[in-house]
Amino acid sequence: MSDLNAITEALISGDLDTLTTQVKAALDQGTSASDILSQGLIKGMGIVGERMESGAMFIPEVLMSAHCMGTAVEILTPLLAAGEASSAGRVVMGTVKGDLHDIGKNLVVMMLESVGFEVTDLGVDVDADTFLKAIEEHKPQIVGLSALLTTTMPMMRETVNKISSQTDRKALKIMIGGAPVDQAFADEIGADGYASDAGSASKLAKALLN
Ligand code: B1M
């Protein structure tokens, strides 16, 4: 039985060596990559968030945890992304302008790729014009917007408005996600769908194209 608590603790304390050792040990012991992700890593980032909010952790420590998360996800990605070979569709994805959070968005990208989508990841701090240029260039069926801050939710609205006014929305679906947003906000700003996590994001993307 692997020790997922040790993974959670190593992530919280930003101890990269222990974390990678524990993740590899858990895989060797037969724990699935998705259990390590959800019950070890995502659980740990939740605790980091609570401590950040209460002032028990500061930004440099949060960055160390975020770096640990990224490295652990890199180890797990080939195991999680052993998906379908043919293209399920094209997606352009990014975190909206003003927002630098990318861990959740990267997980969504990974899950979409694992079910066969071709994803163009525009990264973080992406303005509406950059989304528009990518839509013109890559001709996606879906655009995905991520936001983790309540202060960047208005940018999500602005991006949806600009995409809606300058593209053929019958041929282009917009999905949104991120901790502060929900289905009601998606409806309010005219997005086609909202997903609460990476797994439901891949299901939503498939549903939007059917
Ligand atoms: Co930031 N941060 N942060 N932070 N940070 C939060 C979001 C916060 C809730 C922490 C807190 O106070 N409790 C808070 C926001 C409060 C609010 O807006 N109400 C906050 C704040 C305030 C800030 C700063 C303003 C702090 C400061 O500077 N004073 C600053 C802002 C910087 C900026 O963006 N301009 C800041 C900075 C940072 C770091 C750089 C230190 C770091 C980010 C590193 C990185 O991403 N590379 C960081 C981190 C790590 C967090 C927390 C702790 C963890 C976020 C995370 O990675 N979660 C976070 C607290 C928390 O969320 N509990 C916090 C794990 C990840 C797997 O979940 O991102 O929710 P999540 O993604 C999920 C779903 O949301 C969903 O699926 C994902 C996977 O399951 N999802 C989608 C996400 N996008 C989707 C898109 C979809 C569908 C689903 O379709 C397109």
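**Close-up views of the ligand and its pocket**

**View 1. The largest pocket of the predicted model holds about 1500 Å³ of space.** Of the 50 residues that line this largest pocket, the ones closest to its centre are His-101, Asp-102, Ile-103, Gly-104 and Leu-148. When the lining is sorted by class, 29 of its residues are nonpolar, 16 are polar and 5 are charged.

**View 2. Several helices and strands supply the lining of the largest pocket.**

**View 3. The largest pocket lies between two domains.** The domain assignment of the chain gives domain 1, which covers residues 4-79, and domain 2, which covers residues 89-209. Because domain 1 and domain 2 both give residues to the lining of the largest pocket, the pocket lies between them. The centres of the two domains, taken over C-alpha atoms, are separated by 25 Å.

**View 4. The ligand sits in the largest pocket.** The elements that give two or more residues to the shell around the ligand are helix 3 (33-54), helix 4 (59-80), helix 5 (103-114), strand 3 (142-146), strand 4 (173-177) and helix 9 (198-209). Among these elements, helix 3 gives the most to the shell, with 5 residues. Domain 1 and domain 2 are both represented around the ligand, since the shell draws at least three residues from each of them.

**View 5. The shell around the ligand is made up of 35 residues.** Of these, Leu-100, His-101, Asp-102, Ser-146 and Thr-150 come nearest to the ligand. Sorted by class, the shell has 21 nonpolar residues, together with 10 polar and 4 charged ones.

**View 6. Polar atoms of Ser-146, Ala-179 and Ala-198 lie within 3.5 Å of ligand atoms.** In the case of Ser-146, a polar side-chain atom lies 2.8 Å from a nitrogen atom of the ligand. For Ala-179, the atom concerned belongs to the backbone, and this polar atom is 3.5 Å from an oxygen atom of the ligand. A polar backbone atom is likewise involved at Ala-198, where the distance to an oxygen atom of the ligand is 3.2 Å.

Note on methods. Residues are numbered from 1 along each chain as its sequence is written. This is a predicted model: local features need pLDDT of at least 70, side-chain atom pairs count only at pLDDT 80 or more; totals for chains, interfaces and linings use all residues. Side-chain values use heavy atoms; hydrogens and water are left out. A residue is near a molecule or strand if one of its heavy atoms lies within 4 Å of it. A polar contact is a pair of N or O atoms within 3.5 Å; within protein, one must be able to donate a hydrogen and the other to accept it, and residues adjacent in sequence count only if both atoms are side-chain atoms. On a 1 Å grid over the protein atoms alone, a cavity is a set of points where a 1.4 Å probe fits but cannot get out, and a pocket is an open set with protein on both sides within 12 Å along at least five of seven lines; lining residues have an atom within 4 Å of a point. A molecule sits in a cavity or pocket if more than half of its atoms lie within 2 Å of its grid points. Helices (H or I, at least four residues) and strands (E, at least two) are DSSP runs, numbered from the N terminus. Ala, Val, Leu, Ile, Met, Phe, Trp, Tyr, Cys and Pro count as nonpolar, Asp, Glu, Lys and Arg as charged, and the others, Gly among them, as polar. Domain bounds come from an automatic or database domain assignment. Grid points are joined across faces, edges and corners, and a volume is the space filled by probe spheres set on the points.
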